[in-house]
Amino acid sequence: MSKALPLVIAIAYFLILSVGVSFFLRKKVKSGSDFVTGSGKLAWPLVVAAFVLAPLGSGHTLSLWEASAGMGASVLWWGMIAGGIFVPLFLLWFGPWFRRLNVKTFPEGMGKIFGEKIGWLIAAVFPAQLIGICIAEVTATATAFYALGGGEVSLRNCIYLAVAFTIIYIIAAGLMQVAWMNLFNAVMLVVGSFVAVFFTGSWLSGPEHQGGWESISAYYAQAGTAWKTSILNFSPDVVFGIMFPCLILLVFMCSASQAQCQPMLLAKSESDIRRGVFWAAFINSMVTYPWVIMALVGMTIPAIYALTDAAKLSVPELALMALPPWMVGLLMIALLSATLSTTSGLILASSHIIVHDIFKGVVHPGMSDKTFLILTRSMIFVCAILVIIPALKLSLMLPIFFWTFSFAIPVFGVYLIGMLWKVNRIAAWTTILAGYAANFLWTFSSPTWLPDVISHNVVYPTIIATVLVGVVMNLILPGDPPYMRKLKAEMREAKAGA
């Protein structure tokens, strides 16, 4: 029973939380708008909760501890850049911008600025991109179930379990359910992961290991890799493999992601978006530390280091070795709080775009609200099923993040130009298509004469094509004034009329 206890604890927690929140919210969802936007009624703590866990997932947990085996503690720059740059930019500027557009989805917003056809293009691309990220998240969730559960359930069944819990995370009340679930899970994520580090420190000082944290530093020093315990290791792999791609992807992809924009529609006002910026930035940065610390400890244990997939299994194996079963269960809850919140947000965002922008926007503009709600709930199941088969085959986390994230780079580049510089539809189309062309060309024929960290990363050609073509085309072609000027004029007129 002790091996299965962590799995039982985690499953029981998420079942109780999901059912409890669903029961609490069951009468609050009366329309499709309630389901996908919460009808703009929530205060800032719930807005922050809905937003802050959305970009976390395996990008802040499993993929970082896996990458730390080769790059050391410097992978923490992912979390520091996310919390220190992306979160403030989004909550102080990009999120309120999206709200001012008075739209329901990011593709609809792009259509409002550059014409509905470009909105249709993005509505066709973005769900596939978000589902691609979901595949990685479901794999991470399944890994948590399998590894921390001591292998009591097969990995295949753990993937089915991950998809099932993703569905129940959102199916009852949509975005409002995500907000309330995330409010509890943000606490569990922080508490569970940091308490696990505390218990790990006690184990390191105990009779089974001895030596405390100093023994970890000594291990890496004796191995000639003392740099792995420092975040100041600015090697080319760290700078070009983590820091630059992270900065580009988080700002250019996440700021254009429906999963990030959707929580902005929950807020009662722009003030409720901005008020939580400190807590959102703090949580987004700090939750990365426990996983990387535990991974670095795990890789010093000979029995773990000798495993075939040691980098990925370092944290689960260390937890099973060093922590009591109930604590392993708490750590599993913490990890699943990150991955399930992200996966559910992505599935909801994909379903919302498909139904709102394609089915309603293109196929059936006169769709009733009841039909919209039914279709959105049905699409959640469809998107979840589409994730299962690829998730069974996925082995590498970071590459799929970089590849799928990069599809949003030209879109957000065009968006920034249109909001702050000028609006030209030809330039917008050219820039997006150039970014996508660079992405595909680099993916299938990357140059071998460049260092692997650059030649195997589509972020660089995509951002170069976006900036180069976007700037040149808008310098050559005339355009309308920046859309932000129009939004500010509308705000002034609204205040004058009031």
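What volume does the largest cavity have? The largest cavity has a volume of about 120 Å³. This is a predicted model, where local features need pLDDT of at least 70, side-chain atom pairs count only at pLDDT 80 or more, and totals for chains, interfaces and linings use all residues. Residues are numbered from 1 along each chain as its sequence is written, and side-chain values use heavy atoms, without hydrogens and water.

A cavity is a set of points, on a 1 Å grid over the protein atoms alone, where a 1.4 Å probe fits but cannot get out. Lining residues have an atom within 4 Å of a point. Volume is the space filled by probe spheres set on the points, with points joined across faces, edges and corners. Three cavities of 30 Å³ or more are counted.

Of the 17 residues lining the largest cavity, Ala 54, Pro 55, Ile 133, Thr 342 and Phe 405 are the closest to its centre. Helices (DSSP runs of H or I, at least four residues) are numbered from the N terminus. α7 (116-148), α12 (258-261), α18 (325-363) and α20 (398-405) each give two or more residues to this lining.

The second largest cavity holds about 50 Å³. Its lining includes Ala 54, Leu 175 and Gly 345. α9 (174-205) and α18 each give two or more residues here.

Now to a helix pair. The axes (lines fitted to C-alpha atoms over the stretch in contact) of α21 (residues 409-420) and α24 (residues 459-476) come within 9 Å and cross at roughly 30°. The two are therefore roughly parallel (angles under 35 degrees). In contact (heavy atoms within 4.5 Å), α21 residues including Ile 409 and Gly 413 meet α24 residues including Val 459 and Gly 470.

Note on methods: Axes fitted to C-alpha atoms, helices over the stretch in contact; angles between N-to-C directions. Parallel < 35°, antiparallel > 145°, perpendicular 65-115°, else oblique. 1 Å grid on protein atoms, 1.4 Å probe; cavity = no way out; pocket = protein on both sides within 12 Å on 5 of 7 lines; lining within 4 Å.
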